[in-house]
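Biologist: Got the model open. Walk me through the main features, please.

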Amino acid sequence: MTPNPHSWEQRELRSFFHTFSDLPSLQQDGPTVMERGDGMYVYDTEGNRYLEANAGLWNMTLGFSEHRLARVAAKQYEALPGYHTFFGRNSQPAVALAERMLELAPAPMSRVFFTNSGSEANESVVKLLWLMWSGEGQPQRRKLISRKGAYHGSAVMTSSLTGKDYVKAFGLPLPEVVMADCPHAWRYGNAGESDDAFCHRLADNLERLILAEGTDTIAGFFAEPVQGAGGVIVPPASYFKRIQPILRRHGIPLVADEVICGFGRTGNIWGCQTLDIAPDIIVASKSMSAGYFPMGAVMLSKQIDTRVTEACQQWEEFPHGFTTAGHPVGCAVSLEAIRIIVEDGVLENVRTQSKPFQSRLSAMAEHPMVAEARGVGLMGALEIVADKSTRQAFPGAARIGERIARAARLRGLIVRPLGSSLVLAPAFILTGAQNDWIFSTLESVLDQTYRELSGG
Ligand SMILES: Cc1ncc(COP(=O)(O)O)c(C=O)c1O
C-alpha cells in the first residue's frame, strides 16, 4: 500500500532529522508519532496503544497523564513564566527546589545549581572541577576518569566521557578522558572469579591507571551508580566499597551521575543509597521533573563548594550558566514531581513493584535466547544471545534487538534494544497487572523470534 504522504509519519520522515535512531529500521518501519498519553500508555496517530516499558527515555516516571504536574506548571506560568539565575537573580521555585534537594541528598550536600539536561549538568561539573583545580594552583589536573559502557551525555565532553564506540564517529573522546573498567561481572569476570575478586581486580586496575596517568593530572571520576544506557549494569556489592578508598587516597572527587538512578529508579531516592556511594558531587535530571520539563541539577558537597567558591574569587564569579537553567516552571514542576514520588506513595510503589518486576525478569533467564537477566529496582535488562552455552551474540546484521523490539511494538509493548541487550525501565506507577502483562508479552515475543530464527 502506498503510504499517505500527508500522514504524520510521512511528514516526519521528510522533515525530521532523527537522533539515536536505527536508520535501516526507520526505513523499513517508519517512525512512530505519538499523539497522547494516559498513565503507563502512549497512543500513536493511528490510535494504537503502547505500554511504554521504558518510561520514554527512563524519565516519564510518573507516567503520561499526571495532571498535578500540569496544574502546577499552569499556575507557575501565570505567576512568573520564566526567569534566570544570572547576576544574583533567581525565582522562588528555584530556591525552594534547591532546599528540597539538599534535604533529600544521600550525603551532606552544601548547594545546588540547575541546568536544562543531564548533559549540561555533567559538562558543568567538568568545568567546575577544572576551575577548582586551577584555582588551587594545579591547572594540570584536567584528566577525567570515566568507565567503559558509561553514558554521560551527548555534548562534546559528555560524549567523550561516554564509554561507547560510537563516539569515535565524532573523533572523540577528547584527550583528557581516561577509561576505567566496566563493572559488568558477567561479561568481564574471569572464569571462576568471585564477584568480590572481580571488584578487587577492577580496584587494582583503577589504582594502576591513576598512577600511570599521574595522580596530579586527574580532576575527577565519573560514575553512574548503575550504568543505564550501558545496558543496566548493576555493579557487584563490593565494587564502590573497593574503589572509593582509592579515589579518596588520591584526592580524586567522585561524581555520581544520578541522571537515571536519582529520584527512585533503584528503589531508593538515590542510586548512591542503593550502591553505598559517598559522592562529592551529584548530578540529577530525568526523574527530578518526571520528564515534564527539561531539568538538570548539580549538587556539591561542602568541601567542593568551598573549594570552588574560593577558586571563583579571582574571576569574581562562576563564569558559567545557561539561559533557561533554573526555570521557575521547571523548578515548580520538579518540586511537585519530587513531592509525589517521595511523599505520595510512588517511591513505595517502586519498592513494592520491584519484587515482582525483578522476579519475572530473572525468570526470563530460562529462555534459550537470554544469557543474563540483570537489574535492580524498576530497571532491568536481558542479554540476548545466539548461543547460550558459548554466550555468542547474534551477528550485528541480524539486528536482533530491533527485531524483538519491533515484534513487541506490534503487540503494544515498547521496550528498548541496546546493543545486545533489551532494556526495561517502566514508570514508577506500574501496577502488578501491567508488570505481568509486560513479561508475558515479552515471553511470547521471544518465543516467536526464537521459533522464526530456528526455522520452526
Ligand atoms: C546517566 C546519564 N547521564 C547523562 C545523560 C544525559 O542526559 P540528557 O540526555 O538529558 O542530556 C543521560 C541520558 O540518558 C544518562 O543516562
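Modeller: Helices α6 and α12 are roughly perpendicular to each other (65 to 115 degrees counts as that; under 35 is roughly parallel, over 145 roughly antiparallel, the rest oblique). This is a predicted model: local features need pLDDT of at least 70, side-chain atom pairs count only at pLDDT 80 or more, and totals for chains, interfaces and linings use all residues. Residues are numbered from 1 along each chain as its sequence is written.

Biologist: At what angle do the axes of α6 and α12 cross?

Modeller: Roughly 70°, and the axes come within 8 Å. Axes are lines fitted to C-alpha atoms, for helices over the stretch in contact, with angles from 0 to 180 degrees between N-to-C directions. Helices (H or I, at least four residues) and strands (E, at least two) are DSSP runs, numbered from the N terminus.

Biologist: Which residues make that contact?

Modeller: L128, L131, M132, S134 and G135 of α6, with R307, V308, E310 and A311 of α12. Contact puts C-beta atoms, placed from the backbone, within 7 Å. By class, that is five nonpolar, two polar and two charged. Nonpolar covers Ala, Val, Leu, Ile, Met, Phe, Trp, Tyr, Cys and Pro; charged is Asp, Glu, Lys and Arg; the others, Gly among them, are polar.

Biologist: Domains next. What are the bounds?

Modeller: Domain 1 is 32-65 + 345-453 and domain 2 is 69-343. The bounds come from an automatic or database domain assignment. The C-alpha centres of the two domains lie 27 Å apart.

Biologist: Where is the cis peptide bond?

Modeller: Between L172 and P173, with omega about 10°. P173 sits in the loop between α7 (156-161) and β6 (177-180).

Biologist: What about phi of F263?

Modeller: Phi is near 65°, a positive value in a residue other than glycine. F263 is in the loop between β8 (254-257) and α11 (271-275). Most residues other than glycine have a negative phi, and most peptide bonds are trans.

Definitions and conventions: Contact = placed C-beta atoms within 7 Å.
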